[in-house]
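Me: I would like to learn how to read the packing of helices in a protein model, step by step. Could you take me through one case?

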Amino acid sequence: MRSRLLRARRVLRRTGVDYFRGDASDWLAFAVLIVAVPLLVALNVLIPAWAPPTALVLPILAGALLLRPGTLVLLYAAAALGLSVESLIHTGERVASDRPDTYVFGVTPGAALVVGAVGVAGLLLAQFRSRVGVPWRGGGSMLFDLRERLRVQSRVPALPAGWSADMALRPAGGQSFSGDFVVATRTGPGRRVLEVVLADVSGKGMDAGSRALLLSGAFGGLLGSLPAQQFLPAANGYLLRQDWDEGFATAVHLVLDLETGEYELFSAGHLPGMQRHAGTGRWEVKESTEGALLGVYDGAVFEAVRGRLDQGDVLMLCTDGMVEIPGRDLTEGMDRLMGEADRLIGGAPFSQHGGRGSAVKLIESVAKDVNDDRAVLLLWRG
């Protein structure tokens with residue numbers, strides 16, 4: 001008996017796992033819903049004030065989420081039969097009533113129209129799920145997993161003592177997916193080199209977010225696998241091969257030696273980096289020969305601008321959502337951003353905590369209500 005119980009438990013558990021993955025048959029859900037239809041019909045006949053004919057939309061909606069299109073049609077047939085039974089019973093009661101004019105229960109054309117409209121919408125939803133191949137139970141978790149993967153790939157790796165990094169991403173319109181992303185890794189002998197790519201994919205929302213996810217994976221594979229001078233040309237070639245209708249992107253590639261503080265910035269149509277010198281307290285815009293946008297034409301050349309981070313210096317990289325001001329030049333937005341960053345960096349919390357939280361504060365103070373994807377990265381040498 002015990003072994004039988006264990007086998008039954010394993011079968012039940014396997015069935016449950018398969019069901020919630022979308023791999024199992026939908027017979028169990030269909031059986032529950034098909035039983036719910038006559039139950040709602042009986043309630044409508046017995047207590048019509050509490051169970052109207054439109055209550056049949058409940059199993060129909062559940063079936064649209066749980067059943068395959070073929071099985072869903074069978075449920076619809078049972079619901080239509082139940083609606084017809086309700087109509088016949090209430091019509092008979094109205095005729096047998098002493099005062100037919102006062103009988104208020106029954107299946108009205110409006111109720112039948114509501115049930116039918118919900119059924120059509122549910123069938124379209126079920127067909128869409130079947131075509132995509134992702135069950136509703138896994139669709140939300142899949143999107144959540146994709147979003148978390150994008151966030152994980154955007155993390156800056158642990159830095160040696162004396163170095164700190166802070167990064168923040170904010171999608172446009174409060175959505176979950178952003179066209180801005182960061183890819184970072186430690187390369188070189190002894191992992192002494194930090195390579196960071198901050199990219200801005202054209203577009204917004206889910207479309208830009210899906211392309212950003214694909215590009216972040218591709219860029220992560222290229223980063224560290226090629227010499228620094230070859231990364232942006234390789235990334236440009238990758239975008240060209242995708243042949244997207246709206247497939248261009250901007251990017252800035254930072255190559256930083258964590259022992260000497262010397263760095264190179266390669267730009268592909270991206271905003272320049274901004275460095276704050278601790279000795280003078282002033283900002284320097286690291287302008288370079290602006291390379292072509294990624295994904296526009298083949299053979300683009302990307303030149304580097306060089307610099308050095310001394311103790312107390314800060315390097316800031318951002319996307320255009322942080323500095324764009326309607327009707328004004330980008331330099332005005334950059335001046336505003338550097339001024340706000342100077343206020344944060346000059347404070348004691350930045351020095352004590354390595355700048356953690358400063359990137360979020362910059363977005364909140366400079367570009368909180370901007371309807372665009374925003375990203376900012378701060379690197380500080382303590």
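Predicted model: local features only at pLDDT ≥ 70, side-chain atom pairs only at ≥ 80, totals over all residues.

Me: What does the secondary structure of the chain come to?

Reply: Helices (H or I, at least four residues) and strands (E, at least two) are DSSP runs, numbered from the N terminus. Here the chain has 11 helices and 10 strands, and 43% of its 382 residues are buried, where buried means under 20% relative accessible area, exposed over 50% and partly exposed in between, with a 1.4 Å probe and protein chains only.

Me: How are two packed helices described?

Reply: They are described by the angle between their axes and the distance between the axes. Axes are lines fitted to C-alpha atoms, for helices over the stretch in contact, with angles from 0 to 180 degrees between N-to-C directions; under 35 degrees counts as roughly parallel, over 145 as roughly antiparallel, 65 to 115 as roughly perpendicular and the rest as oblique. The axes of α2 (residues 27-46) and α4 (residues 69-96) come within 10 Å and cross at roughly 10°, and therefore α2 and α4 are roughly parallel to each other. Their contact (heavy atoms within 4.5 Å) involves residues including F30 and L33 of α2 and L74 and L75 of α4.

Me: At what angle do the axes of α3 and α4 cross?

Reply: The axes of α3 (residues 57-66) and α4 cross at roughly 175° and come within 10 Å, which makes α3 roughly antiparallel to α4. In this pair, P59, I60, G63 and A64 of α3 meet L72, L75, Y76 and A79 of α4.

Me: Which residues of helix α11 are buried?

Reply: In α11 (residues 358-366), the buried residues are S358, A359, L362, I363 and V366. The arc is that of the directions from the helix axis to the C-beta atoms, and these residues cover an arc of only 145° around the axis, which puts them on the same side of α11.

Conventions. Residues numbered from 1 in each chain as written. Heavy atoms only, no water.
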